[in-house]
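Please find some notes below for a colleague who is opening this entry for the first time. They are set out as numbered points.

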Amino acid sequence: YRDDDDINDVASMAGVNLNEESARIMATNSDLVGTQIQSCKDEPFLAAIPLHKRILEMAKKLGITDVPAEVVTFISHATQNRLRTVIEKVTVITQHRMESYKDDEWYEQATDVRSQLKFFEQLERLEKQRKDEQEREILLKAAKSRSRQEDPEQARLKQKAKEMQQQELAQMRQRDANLTALAAIGPRKKRKLDSPGLLTVGGEGLGMSGGSQAGLGTPSSRQYARQKITRVNLRDFIFYMEQEREMSHSLLLYRALLK
């Protein structure tokens with residue numbers, strides 16, 4: 001007869017000895033116990049041979065003749081980490097510079113430089129138009145005058161007035177011709193770019209209809225999200241170097257400011 005503990009033990013009822021199985025597993029995978037497995041080879045960020053030569057040249061000045069390969073790998077990884085940190089910080093600076101506060105309710109517009117420039121351009125246009133009108137009146141008066149004295153200045157003004165009238169007449173004819181051509185063409189119709197059931201292949205439209213063929217036209221109308229590109233300029237990098245304690249008085253910053 002079996003006791004209650006033996007009946008409740010499922011492993012013993014199935015004929016499995018847990019101690020023997022544990023010993024067999026440890027014996028099979030004993031070489032993997034306590035080891036670290038990596039999915040890929042640990043490759044250095046910089047080229048190992050040129051970096052090793054450069055480190056040896058700098059170490060010889062300090063009286064060091066041997067530099068192990070572990071030091072080269074460590075310096076390569078440190079360079080990669082430093083470069084990643086610099087790129088992340090400069091990217092944040094660029095994103096702050098490109099950020100717009102027009103639609104933010106906590107900000108109000110104090111000045112509008114674009115409207116001011118448009119106002120000055122409009123003033124210049126009106127001033128130029130007024131001068132052109134004055135010059136036109138002078139030329140028309142000179143063209144209508146019938147003085148018998150042969151004045152070279154008067155003759156020059158008459159010739160200029162004649163050229164101006166011919167130019168205005170040519171502009172009016174060109175304007176009338178453009179209006180006539182547009183009226184003959186008629187209103188321009190808009191093309192339907194993404195029509196259902198139309199698949200564009202090599203610049204030619206192929207009509208698809210019915211069953212699975214109608215589903216072939218759906219990828220053409222699918223809109224893929226365009227990846228946003230962050231463009232970093234020299235001004236962003238200079239601002240980053242000015243904020244860093246190690247680079248705020250460096251020669252690299254002064255060279256960047258001179259460019």
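1. A pocket here is an open set of grid points with protein on both sides within 12 Å along at least five of seven lines, and its lining residues have an atom within 4 Å of a point. The model itself is predicted. The largest pocket is lined by Tyr 101, Lys 102, Tyr 107, Glu 108, Gln 109, Asp 112 and Arg 114. The space in this largest pocket comes to about 230 Å³. Sorted by class, its lining has 4 charged residues, 2 nonpolar and 1 polar.

2. The second largest pocket holds about 160 Å³ of space. Its lining is made up of Gln 129, Asp 132, Glu 133, Glu 135, Arg 136, Leu 139, Met 164 and Glu 168. Two or more of these lining residues come from each of α6 (113-144) and α7 (152-185). The greatest share is that of α6, with 6 residues. Charged residues number 5 in this lining, beside 2 nonpolar and 1 polar.

3. For the chain as a whole, the count is 11 helices and 2 strands. Read from the N terminus, the order of elements is α-α-α-α-α-α-α-β-β-α-α-α-α.

4. How much of the protein chain is buried? Of its 259 residues, 10% are buried. As for contacts between residues at least 6 apart in sequence, 43% of them join residues at least 24 apart.

5. Ser 76 is a residue to look at in helix α5 (residues 69-98). Is Ser 76 buried or exposed? Its relative accessible area is 0%, so Ser 76 is buried, the limit for that class being under 20%. Leaving aside residues up to four places away in sequence, Ser 76 touches Pro 44, Phe 45, Leu 46 and Leu 51.

6. Arg 97 is also placed in helix α5. Which residues does Arg 97 touch, not counting those up to four places away in sequence? They are Arg 231, Asn 233, Arg 235 and Asp 236. With Asp 236, the separation is 139 residues in sequence and 8.4 Å in space, C-alpha to C-alpha. Arg 97 has 34% relative accessibility and therefore counts as partly exposed.

7. The structure holds 2 aromatic pairs. One of them is formed by Phe 237 and Tyr 240, whose ring centres are 6.0 Å apart and whose planes stand at 40 degrees, so this pair is tilted. The angle falls between the cut-offs, because planes under 30 degrees apart count as stacked and those over 60 as edge-to-face.

Methods: Residues are numbered from 1 along each chain as its sequence is written. This is a predicted model: local features need pLDDT of at least 70, side-chain atom pairs count only at pLDDT 80 or more; totals for chains, interfaces and linings use all residues. Side-chain values use heavy atoms; hydrogens and water are left out. On a 1 Å grid over the protein atoms alone, a cavity is a set of points where a 1.4 Å probe fits but cannot get out, and a pocket is an open set with protein on both sides within 12 Å along at least five of seven lines; lining residues have an atom within 4 Å of a point. Grid points are joined across faces, edges and corners, and a volume is the space filled by probe spheres set on the points. Ala, Val, Leu, Ile, Met, Phe, Trp, Tyr, Cys and Pro count as nonpolar, Asp, Glu, Lys and Arg as charged, and the others, Gly among them, as polar. Helices (H or I, at least four residues) and strands (E, at least two) are DSSP runs, numbered from the N terminus. Buried means under 20% relative accessible area, exposed over 50%, partly exposed in between (1.4 Å probe, protein chains only). Contact means heavy atoms within 4.5 Å. Rings of Phe, Tyr and Trp (its six-membered ring) pair if their centres lie within 6.5 Å; planes under 30 degrees apart count as stacked, over 60 as edge-to-face and the rest as tilted.
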